[in-house]
Amino acid sequence: MKSGLVIATVAVSVIGSCSDAAPTTAGERLRVAVSFFPIAEVVRRVSGDAASDEIEITTLVPPGEEAHEYDPTARQITHLEDADVVFFLGNDFQPNIEKAIASLPGTVVRSDLLENVEMLDDGDDADTHVWLDPMNMATMARTAAQVLSDAIPALAGTFANNAATYIRELAELDELFAVGLSECDSTLLLTTHRAFAYLADAYRLQYSAIAGTSPGDEPAAKSLAATVELAAQNGVTTVFFEENLPSELAATVADEIGARISALATAESLNGDQIAAGETYLSLMHRNLEALRSGLSCR
Amino acid sequence: MSTPILEVENLGVKYGSHHGAHHGRSDALYDVSFEVRRGELVGVIGPNGAGKSTMFKAICGLVNHSGVVEVNGVHCHDRTDRMDLAYIPQRNDSDLTFPITVGELVLAGRRRFNSWWQRPAAADRAAADDALHKVLLGGTESCSLTELSGGQLQRAYLARALAQQASVVLLDESLSGVDEPTTAELFEVFNTLSADGTAMLVATHDLALARRRFKRCLAINGTLRGDGTPEQTLSPNILDATFGSLGRS
Amino acid sequence: MNWLTEPFQAEFMQRALLATIIIGIVAPVVGTWVVLRRMANLGDAMSHGTLAGVGLAYAAGVNVLFGAMGAGVLIAALLLWFSTNRRLGQETVIAVLGTAFFAIGVVVISRLDTGVALTHFLFGRVLTVTWGDIWLNLALGGAAVLVVSALFNELRLASFDHVQAEQVGVHVELVQAILVLLLAVVVVISLRAVGTIMAVTMLVTPAASARLLARNLRQMTLLGVVFGVGEGVGGLLVSYHLSSSPGATIGLVAAAVFAVTFAITLPRRMPHHHRPFG
């Protein structure tokens with residue numbers, strides 16, 4: 001089924017090159033669209049140097065924009081229709097983008113990178129930040145390598161190598177987290193919004209969030225009071241808030257129990273400054289680890 | 001008694017200089033000149049829309065106007081020069097449900113003797129109380145305006161003018177929709193104030209009433225059509241000019 | 001009793017209580033005049049319009065309260081300017097300005113990459129009010145109450161009969177301008193706690209209830225404050241126990257009080273009633 005689609009795609013891209021006004025020298029580059037930052041990171045690492053020569057990657061969510069509620073512009077949807085492959089995360093993580101992708105013509109290969117990722121059973125308001133577990137990133141890298149190899153079989157070896165390298169780096173990161181968070185005075189991770197369930201699950205931390213998953217969520221007064229009590233009982237000394245989001249809620253709880261606040265990156269988008277500083281998923285996660293080790297008093 | 005307390009010379013008002021502009025003619029009022037003496041009670045007659053209210057507002061400096069208004073021999077340049085004037089609006093122009101008591105209404109007249117930051121002093125309260133008694137409303141200080149009859153309301157406004165020690169009071173249609181006993185009562189109060197030296201101009205479109213009650217009438221329709229005793233002012237010629245054919249019924 | 005005290009054990013709820021009480025006092029003190037002078041639609045436009053200032057201040061990294069205040073003053077100034085055009089009624093100018101500024105606010109806030117949600121300002125975040133907010137509100141609100149009490153007489157004269165007021169020396173237009181500024185102050189102090197939409201509720205509803213009952217202005221102001229504080233605290237309590245949005249719950253309680261007051265005073269407002277005199 002999948003290879004059939006790919007053949008159709010390649011055929012379309014060949015036909016496309018005949019009618020296109022400005023074909024590139026060595027024929028058409030593979031047009032790959034990705035939904036947002038972690039996916040872009042995976043695809044870029046897997047395609048490696050081929051990215052510039054053979055593959056053209058565009059990211060839907062612009063730098064610094066909020067990823068969940070992002071609504072693709074009319075121009076972006078037109079570009080999406082011209083794409084060969086689209087990588088995204090399903091499961092209602094980005095409803096507007098998923099809607100746009102669902103309406104694309106059958107010629108576009110759609111790859112939901114949640115495939116093969118083990119989802120947490122997290123109730124109604126489920127956390128979707130699967131990429132905060134590095135091993136999920138590894139799974140996504142494997143899937144991406146497969147899809148890209150199907151699209152450009154000639155580069156299958158390169159993609160496999162690139163993926164293997166990236167997965168090794170991710171495994172090292174995973175090891176650092178596992179060791180770094182194994183002996184901590186506090187085992188309760190408390191954050192503003194419910195975005196770190198996968199991270200907490202991977203490293204056996206208890207997890208609680210002040211508000212729901214959406215950045216606009218507000219807790220009810222009673223549940224805020226309950227959170228304060230939970231934090232006090234667990235001797236929480238640091239309340240974490242999401243980098244780039246307001247810290248008031250975290251500050252309110254921290255204030256009650258005499259704790260401090262500290263930022264954690266959700267790594268769902270980079271702002272302009274972070275891009276200029278050359279930040280990557282790995283660098284963000286290394287900083288997250290430091291913040292966690294200090295906030296949870298780990299040895 | 002000889003010097004005029006209010007002198008109006010060549011008063012004119014263009015349409016559009018206040019709200020409710022009409023079209024077609026350019027002057028709402030032109031070339032109005034007259035004098036009023038201390039303690040005089042003057043009826044101002046004319047049909048609705050003839051410019052009686054406009055004239056009052058111009059005299060009070062509330063609308064842009066040409067010509068000269070002098071009060072107590074002082075040329076009025078802006079509104080603050082006219083604290084000796086009191087304007088009593090038509091009944092429909094005030095919000096009677098406004099949470100203000102009769103006592104507070106009358107005290108409003110005392111503001112001219114105080115600065116913005118000053119509260120009414122004992123002397124002000126005494127003057128307000130005095131004024132209320134003069135208009136036969138003693139003891140109604142704490143009433144709200146909705147509790148007053150039409151005649152009582154006019155008297156309460158008169159008390160405010162008294163408290164303000166205005167030398168000239170302009171009453172706009174204060175006799176409309178008021179029954180005969182109430183009218184009699186009001187004129188009793190007018191006469192009291194008049195005896196005290198307060199000049200009063202009372203606008204009305206009721207000719208029969210004007211004939212009976214006033215010694216002097218001004219006939220207004222766009223300009224001053226007549227000025228004199230009711231017999232002089234309400235002559236057929238002047239009535240034609242003022243009211244058209246309606247006036248002779 | 002526990003029902004009353006339990007919610008306020010945590011300090012954040014004590015801060016929420018204080019913020020609500022400040023609004024409950026200041027909003028009706030100013031709102032009394034807004035209701036009497038029939039300026040409620042201006043209050044509405046002002047509260048929505050301040051969103052522009054909030055958005056721009058956020059984008060510039062300035063305290064949003066200053067942005068809101070700036071937008072409020074700008075709206076007031078533009079209103080005075082546009083109102084000199086006789087072709088347009090004031091309510092038209094008010095609607096144009098209010099919606100235009102609101103639209104600026106929505107566009108700016110939705111383009112911000114700080115993850116600040118529009119709903120934070122529309123409905124407030126009373127649970128995250130800081131001591132800094134409270135001190136600022138106390139200062140601004142205290143100033144507003146002082147101004148109103150200093151100008152109480154002038155406001156009364158200008159509002160009841162502006163013609164006579166001018167004659168006896170009241171600067172009616174200045175009083176009006178000050179009142180519009182006070183309106184902006186109320187919106188600003190409501191912003192963090194109950195949000196811009198509920199700011200109008202607190203401005204108008206308690207004062208409207210008081211208007212139905214009060215015989216004079218002092219009564220109306222005091223009753224308005226009693227209603228405002230009662231509705232604010234009551235709404236906060238109810239929202240705690242129902243786990244509902246504090247701002248919206250306060251608004252509901254205020255509306256319920258108004259409905260009851262309206263029903264109670266209905267017989268009194270019937271046309272046939274006796275006049276004690278003549």
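Predicted model: local features only at pLDDT ≥ 70, side-chain atom pairs only at ≥ 80, totals over all residues.
Local features were taken only at pLDDT of at least 70 and side-chain atom pairs only at pLDDT 80 or more, while totals for chains, interfaces and linings use all residues; side-chain values use heavy atoms, without hydrogens or water. Residues are numbered from 1 along each chain as its sequence is written, and chains are lettered from A and ligands numbered from 1 in the order in which they are written.

Two pairs of chains are in contact, and chains B and C share the most contacts. Contact here means heavy atoms within 4.5 Å. Chain A and chain B are not joined by any contact. Their closest C-alpha atoms lie 39 Å apart.

The interface of chains B and C was examined first. Chain B contributes 42 residues and chain C contributes 33 residues. About 3200 Å² is buried between the two chains, with 52% of it on carbon and sulfur atoms. Buried area is the accessible area (1.4 Å probe) that two parts lose on being put together, summed over both. On the chain B side, the most area is lost to chain C by Phe98(B), Pro99(B) and Arg111(B). Together they account for 22% of what that side buries.

The rule finds 6 salt bridges between chain B and chain C, each a side-chain nitrogen of Lys or Arg within 4 Å of a carboxyl oxygen of Asp or Glu. Asp95(B) forms a salt bridge with Arg211(C), with the closest N and O atoms 3.3 Å apart. The elements giving two or more residues to the chain B side are β6 (85-88), α2 (102-107) and α4 (150-163) of chain B. Helices (H or I, at least four residues) and strands (E, at least two) are DSSP runs, numbered from the N terminus.

The interface of chains A and C takes 21 residues from chain A and 20 residues from chain C. The buried area is about 1900 Å², of which carbon and sulfur atoms give 52%. Here the rule finds 2 salt bridges. One joins Glu248(A) to Arg125(C), with the closest N and O atoms 3.1 Å apart. On the chain A side, α9 (221-233) and α10 (248-257) of chain A each give two or more residues.

The largest nonpolar core has 138 residues. Such a core is a set of buried Ala, Val, Leu, Ile, Met, Phe, Trp, Tyr and Cys residues joined through side-chain atoms within 4.5 Å. Buried means under 20% relative accessible area, exposed over 50%, and partly exposed in between (1.4 Å probe, protein chains only). Residues with the most contacts inside this core include Val239(A), Phe190(B) and Trp33(C). Helix α2 (residues 11-36) of chain C gives the most to this core, with 14 residues. Apart from it lies another core of 82 residues, among them Ala50(A) and Ile152(A).

Thr187(A) lies in the loop between α7 (156-180) and β5 (188-191) of chain A. Thr187(A) is partly exposed, at 40% relative accessible area.
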